Structure formats: structure tokens, C-alpha cells
Amino acid sequence: MNLFSLFKRNLIYQFKNKIPIDDDNVKTHSLDELFHHYGSDKANLFIETQKKSHGYSIFYKKKLEKFKSLNTNILEIGSYSGASAAAFSKYLPKSNIFCFDINISNFKYKSNKIHVFGLDINNKNKVNKILNQIFLKFSIKEFDIIIDDGSHNLSDIFYGFQFFFKFLKKNGLYVVEDFKFPNYYNNNNDINHIFFDEFLKNLKNKKISNSNIISQKEQINIIDSIKNIEIFKGNLENSDISFISKV
């Protein structure tokens, strides 16, 4: 994306009227109901059609239980309208959610706990600059949870994992949603590379994959720092989510 388009989208976000949610008094403690209320496709049902959505809420609920009483810093890569960020801010009362998206003009929610940055994650200089700003302002060095719900292109899944996994805390969670889109859709299979599900299988079996993105040395470091890898199937044929926990 060219810089003018990114600047334009960021400008639209700055002047857009957004929905304040800190005092909206949502009367539910259910993560699925929060996803549904704010319009996230992580819910069991799409809010617009009431038809089945990805249904990731059941897996998130189990995985987020230990974070409910903790100060939790979440990095969300690919936030779109901010629906899931809004839900997380309610479900995890001591959380800060940092949202990276290439098009924040779609973002419609506002909260003191949600911090939005319009950037291309492939621009590593810009990403490093933003990360340094976050770490300095919030006195943190890593994130408790990193969620990749971005383009779902194979290249972005791998480049994202290669770059961001090192910023995950010990005992933290790295989540990749819809990671098999490149297996299902040609337009998401944008590089000649092993699929991410195969890569995860190799990591779990402590096997080095043939990759021109993540080096052998990096893979060894990742293997040594992984506690567990879990993969779940959601409601739809293309609903696949992975949770990678760090030692």
C-alpha cells in the first residue's frame, strides 16, 4: 500500500465519530455474547444475519480464563471495525488492547483501553517505531497475547509470526485465526512455501521446516520456547484457529 492511501485512511479514522464503549453497561459476562454484541465474527452467530459465524469464542473463553484477573496486554494484528477488541476490553477488565491494521478507517469503537495504529506490518521500521512507543508509554516489553487476524495471506502469516513471536511473554499465547485460508483459497496462497498447518505440525514434532522466511536458527529458538500448540475447528468449513503457548 502506498503512503498516501495509508495516510488518507488514518486521517479518516482521526475525524470519524466512534462509539464510546467504556460506559455502555453491556449486561453480559459471556465472551460469545460480547463478540456477538459488538459484531465480531469470532461469535457463534453473525449479528447481521444470525447465521453461523466462526465460533471461536468457546476456545478463547477457555484460553483467556487465566488472564481475567491479570493486567493483560494484547496485540491484535488485523482489527477491522474493532469488534473483537471491544469484546476483549469488556471480558478482560484489566486489559490494554493494541490494534494494528492497514485500514483503520473501518474502526468504529472508542475506549481508553483500546489503542489503534494504522500501519502496514510489512514495514518493519514503522512497526518497530510504534512498538517502542508502546513499550515506553505503557512500561512493558512484551505482550501477554498476540492475535493474528490479518490478511490471512500465507506470506503475512509467516512474516507476522517470524517478526512478532519474539515479543510474546513467557506463558503467553500467540493466536492465528483462519490460518488455513491459504489451503482453501488460491488468492491467499500468495507465496511458494510450506503451509502454516504443516509448519505448526513440524514445530510440534521438533522438526525443522524448509522455509525461506523463518531460518533454521529461528525455528530452533521457536521450538525451544514453545510449550504447546493446539489447533481447533470452528463452526464453518474454513474456521481454523491455532493457539501457540510459550514456555
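Is Phe 181 buried or exposed? With a relative accessibility of 14%, Phe 181 counts as buried, a label that means under 20% relative accessible area, with exposed meaning over 50% and partly exposed covering what lies in between (1.4 Å probe, protein chains only). The model is a predicted one, so to speak of local features takes a pLDDT of at least 70 and side-chain atom pairs count only at pLDDT 80 or more, while totals for chains, interfaces and linings use all residues. Residues are numbered from 1 along each chain as its sequence is written, and side-chain values use heavy atoms, with hydrogens and water left out.

Phe 181 also has a ring partner. Its ring and that of Tyr 185 sit with centres 5.1 Å apart and planes at 75 degrees, so this pair is edge-to-face. The rule here is that rings of Phe, Tyr and Trp (its six-membered ring) pair if their centres lie within 6.5 Å; planes under 30 degrees apart count as stacked, over 60 as edge-to-face and the rest as tilted. Tyr 185, for its part, is partly exposed, at 33% relative accessible area. The rule gives a count of 27 aromatic pairs. Another one is Phe 135 with Phe 143, a tilted pair at 5.7 Å centre to centre and 50 degrees between the planes. Both of these residues, Phe 135 and Phe 143, are buried. They also belong to a cluster linked by ring pairs, whose other members are Phe 98, Phe 100, Phe 117, Phe 138, Phe 163, Phe 164 and Phe 167.

Asn 188 lies in the loop between helix 7 (181-184) and helix 8 (196-204); helices (H or I, at least four residues) and strands (E, at least two) are DSSP runs, numbered from the N terminus. Despite its place in a loop, Asn 188 is buried, with 6% relative accessible area. Setting aside residues up to four places away in sequence, Asn 188 touches Ser 151, His 152, Asn 153, Leu 154, Phe 181 and Pro 182, where contact means heavy atoms within 4.5 Å. With Asn 153 there is also a side-chain to side-chain polar contact at 3.0 Å. A polar contact is a pair of N or O atoms within 3.5 Å; within protein, one must be able to donate a hydrogen and the other to accept it, and residues adjacent in sequence count only if both atoms are side-chain atoms.

On to helix 8 itself. Its buried residues are Phe 196, Asp 197, Phe 199, Leu 200, Asn 202 and Leu 203. The cover over them includes helix 6 (154-164), strand 7, helix 7, helix 9 (216-225), strand 8 and strand 9 (240-246). After helix 8 comes Lys 206, with a positive phi near 55 degrees.

Next come the charged pairs. Side chains of opposite charge can pair when their charged atoms come close. Counting a salt bridge as a side-chain nitrogen of Lys or Arg within 4 Å of a carboxyl oxygen of Asp or Glu, the model has six salt bridges. One joins Glu 230 to Lys 63, with the closest N and O atoms 2.1 Å apart. Glu 230 belongs to strand 8 (residues 226-233) and Lys 63 to helix 3 (residues 57-64), so the pair ties together parts that are 167 residues apart in sequence. Glu 230 is partly exposed at 22%, whereas Lys 63, at 15%, is buried.

Lys 169 and Asp 144 make another salt bridge, the closest N and O atoms being 3.4 Å apart. Since Lys 169 lies in strand 7 (residues 168-177) and Asp 144 in strand 6 (residues 143-148), the pair ties together parts that are 25 residues apart in sequence. Lys 169 is partly exposed at 30%, and Asp 144 is buried at 8%. Lys 233 pairs with Asp 240 at 3.1 Å between the closest N and O atoms; here Lys 233 is partly exposed at 41% and Asp 240 buried at 4%.

Salt bridges also link Lys 42, Asp 149 and Glu 177 in a network. Glu 177 is in strand 7 and is buried, with a relative accessible area of 1%. Leaving aside neighbours within four places in sequence, Glu 177 is in contact with residues including Lys 42, Tyr 56, Tyr 60, Asp 149, His 152 and Asp 240.
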